[in-house]
Amino acid sequence: MRRRGGRSSSSPWGMALLVALTGCGDASGTDAGAGADEAEASSGDTETETTDTETTDTDATTSTTGVGEQRPERLVVTADWRAHRLSLVDHAALLAGAQTREDALWKTIELPGHEPGPLEVELTPDGTRALVAVAPGFFGGPVGSLVGAPIGSVPETGSLLVVELDTGTVLADIQTTELPMGIAVEPDGSAAWTANFGGESVPGFSVDRVDLQDFSVTAYETAERPEQIDIEATGQRLIVSCAAGQAGAVAFLDDPQGGLHTTFYLAGDPSWIFFLDDFERRAVVVRSFGGNGDSGNYTLLDVSYPIDADTLAVEDLDGIPYAGAKGLAEDEIVVTALVGAGVQVSRYHIDNGVLLQSITIPVSGFPLGVSVDAQSRTALVPLPGANALAVVDFDAGEARVLPWQDEPGPTYLALEGASP
């Protein structure tokens, strides 16, 4: 159902998981119409620079196995969370029919000294380095039970790692202002930004800019629990979702604090957020729940003005949606959702909300991330809980599930050369 305001009908299955998923943010919200008036929040003009960084790491070890010594033409890097490692995988081998992690594995970077393990990962544009958020995210709370990480089992520690992929060297271990979650890298590779979600007991209220030359950190205040973050392909602006603050913000990279202080209202649980990078300067936010526990949706926003955002349309979704990405064509997006005992990967036409295709992955896992490759018309979905990776073939209309590990993970992946 496409709408411009009001509330959606409740999802019974979603309500059954509402208590567990409140760890993602404040799902109790007031009236949640996507067309609600914007709420402005100002937390004071605060910009802090820190340089608490270690530049070597003797705990990282590298092993090469599987597809050969030579680096594959295109890498997939998975954050294997509680397995305390990164898996560097041959994208071509995944598409060619690999049945297990080992069938496509090029190299493993073990990170045993970094608790609780790699949660999210992004790559620099040249593919030489990985930015790794070591953190619990919302899996440190009730949501952890959905992926096999019960409350109390996940250390509330973490940092941002800068890892050289070919050698496995940890170039820097950076203490972010609060525990990091989402990561975005500037198109020229000069800096990375982290959405500092925090931990179960200490929530985050900041995003950090990390200089990738000297690893210095500059912090900027946000609404409560910034979760995911994206940067425009032009490198001009960033956009961030703040789950517990029920807010989003758009800011210019060269002067971010003003935009981060002026938030727009996103009732319920705003989760994934990304720019469409189109001429109309639109963005999409995926909300796992609407306000008052209503069903989740994706919301199309006009973000032409950095201190404001207009709701263009809302598409109500089944189950518990979370991750989103630009789709196979410029006029579509892909959204993942927990639905019943499986995970749905669905394509939507962004202009009219028409469901173009929906493929069910027949295992139950939390789809924290998704990477879509328009050239091969496939998507990769990490599935912690099922502890597997799914290769979704849109042309064949099916998904192949690869067993990945025994511990919770992989939680996230980055595809080399993917569109930002």
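A salt bridge is taken here as a side-chain nitrogen of Lys or Arg within 4 Å of a carboxyl oxygen of Asp or Glu. The model on screen is predicted, so local features need pLDDT of at least 70 and side-chain atom pairs count only at pLDDT 80 or more, whereas totals for chains, interfaces and linings use all residues. Residues are numbered from 1 along each chain as its sequence is written, and side-chain values use heavy atoms, with hydrogens and water left out.

Of the 15 salt bridges in the structure, begin by selecting D166 and R71, whose side chains meet at 2.8 Å, N to O. D166 sits in the loop between β10 (159-164) and β11 (170-174) and R71 in the loop between β4 (61-64) and β5 (75-79), so this pair ties together parts that are 95 residues apart in sequence. Strands are DSSP runs (E, at least two residues), numbered from the N terminus. D166 is partly exposed at 46% relative accessibility, and R71 is partly exposed at 24%, where buried means under 20% relative accessible area, exposed over 50%, and partly exposed in between (1.4 Å probe, protein chains only).

E416 lies in the segment after β32 (412-415), 345 residues from R71, and is buried at 16%.

Next, select R209 and E186, a salt bridge at 3.4 Å, N to O. R209 belongs to strand β14 (residues 203-211), while E186 is in the loop between β12 (183-185) and β13 (191-198). R209 is partly exposed at 23%, but E186 is buried at 10%.

Finally, select D278, E280, R282 and D351, which are linked in a network of salt bridges.

Definitions and conventions. Helices (H or I, at least four residues) and strands (E, at least two) are DSSP runs, numbered from the N terminus.
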